[in-house]
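Here is a short walk through one part of a protein model. Keep the sequence and the 3D view side by side as you read.

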Amino acid sequence: MFFTIKNHLLLKNIVFFICLLGFSGLAAQNTIGGNKIIVPEAEVNRQSQFLEAEKERLLAHYDKAIPKYDKFLYDNPQADAAWYGLARSYGAKEDYIKALESIDKAVKIAPENKWYQILQADYFTKTGRLKDAIAVYESLSKRWPSNPDFFQQLAYLNVLNKDPKAGLKALDRLEQITGLTEETADKKHIIYVGLGDDKKAANELQRLADAYPHKPEYRHRLARFYQTMGDMGNARRVFEDILRRDPNDTEAQLALLGSGKNNSDAGYLASLKPLFNDPNTPIDAKIKELLPFFDKLNNNPDPALTQGLLDLGAILEKTHPEDAKAWSVSGDLLYYSNRPTEALEKYRQCIRLSPRVFSVWENTLTILAGQKNYDEMLRFSEQAIDAFPNQPKAYFYYGAAANLKGLYDDALNQLEQATLMAGNNTALRLDLTDQIGLALLGKKDFTAAASRYEQSLAKGGDQHPGILEHYGDALSLGGQQERAIEQWKKANALRKSAVLEQKISAGKM
């Protein structure tokens, strides 16, 4: 064996020392370990060739390193470190076949060098030879049974090789070395989940919680896992255990309240009031409890449920007056309760505190459009563009408001800009096309409007009632009455309206 990696820096220092002093004779003198030795020039040259190859590899000049290693190995075929360097160079170029050939030779020359075997296993893994990689780590773990890294990698490879039970065995051996750790328990938990053994999966989290009683997050994880499994009895048991340890734990309090909901939503919401009135309870935890009820607000809720939600929204405002989320949620509750005027005031306060949530702007602009408050709609949409310059819908609202105020050139500029940003959002692109056509109609450019609408028909416009109706308007204003009636009829079939019926009747006269 030529020399090991351990000697590498020592030899490099020898050559550097020789070069620094400029020795050029047949031999050079150096001191190692307090003893003067003579290094023959041939040996210095040989070491220098190897180090040149190493230097190129370390500089990532792999195309230069490889021929230097080859040249060196031609004369020194037993230099295991050189085969290792050559393997790493081929590996860096992702030529794993040659990399494996090279590292195999290094392993055979120096089987006691674990780093060679680790690299070999890495290349086996990269080429899909998982069984070979596993065999390497089995060998390493037997030779170095106290090295946790080997068992950890062995577990990973077995799971990757779709043998989770072998992975569990490796983790059991790892645990004998390290004791119970979060990482080991977590991996075993995931494997058991994959195997469908929920009982053992829960047991791993329970062991972790018991081993670290002063870390409540482990018991929270266990309780959430039981909730995910639908095992509400065990989830409740764990949450009760958490509260015995910490009576002020918000998540456990909310979970236990939730488990007692039964069929009375209104009663459950009423039970939340003490927690909502507590400013120390995080607002995100409170909002999480409200989210499941938003759908119910859209599906004919009973008055008691609606009032219970609105009461909690009002409490959020008082308890967290400087948090924009409180006003946003309160506004949403009013918005979905069909109380847009009250919702608008909440949204305005939310925007004053933090203008960074676009859904608030969108609901605000929708309310203003419904109120026909076009002046404020135009002003708010302009502010929305400033706050969200990459949000095309902000430009849409501006264009719609500008059209309604007769500012057609302003509308066109913003609508065309939004079209460039709309990407694959077909619904938005069609809405933008509809507004662009309306701006052109406002400018009395009926031909351009009709052309724009006609181009959109093959892209979904034939299913957009607004485009069909306004296409008919453009045709009618351009003197093509029969074609106009045809488009109005199509629009009326998609969305009946008295206005369309009147246009169709008037067009037939």
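Which helices do the buried residues of helix 22 pack against? They pack against helix 20 (324-336), helix 21 (340-353), helix 23 (374-387) and helix 24 (392-404). Helices here are DSSP runs of H or I, at least four residues long, numbered from the N terminus. Buried means under 20% relative accessible area, with a 1.4 Å probe and protein chains only.

This is a predicted model: local features need pLDDT of at least 70, side-chain atom pairs count only at pLDDT 80 or more, and totals for chains, interfaces and linings use all residues. Residues are numbered from 1 along each chain as its sequence is written, and side-chain values use heavy atoms, leaving out hydrogens and water. The pLDDT is the predictor's confidence in each residue, from 0 to 100. The protein averages 88, and 89% of the residues score at least 70. Over residues 1-29, pLDDT stays under 50.

Now look at helix 22 itself. It covers residues 358-370. Its 13 residues should span 18 Å at 1.5 Å a residue, and its end C-alpha atoms are 18 Å apart, which agrees. The expected span is 1.5 Å times one less than the number of residues. Among its buried residues are Phe 358, Trp 361 and Leu 368. Lys 372 follows helix 22, with a positive phi near 60 degrees.

Arg 348 counts as buried because its relative accessible area is 17%. It touches Leu 368, Glu 376 and Phe 380, leaving aside residues up to four places away in sequence. Such a contact means heavy atoms within 4.5 Å. Arg 348 and Phe 380 sit 32 residues apart in sequence, and their C-alpha atoms are 9.9 Å apart in space.

Key. Helices (H or I, at least four residues) and strands (E, at least two) are DSSP runs, numbered from the N terminus. Buried means under 20% relative accessible area, exposed over 50%, partly exposed in between (1.4 Å probe, protein chains only).
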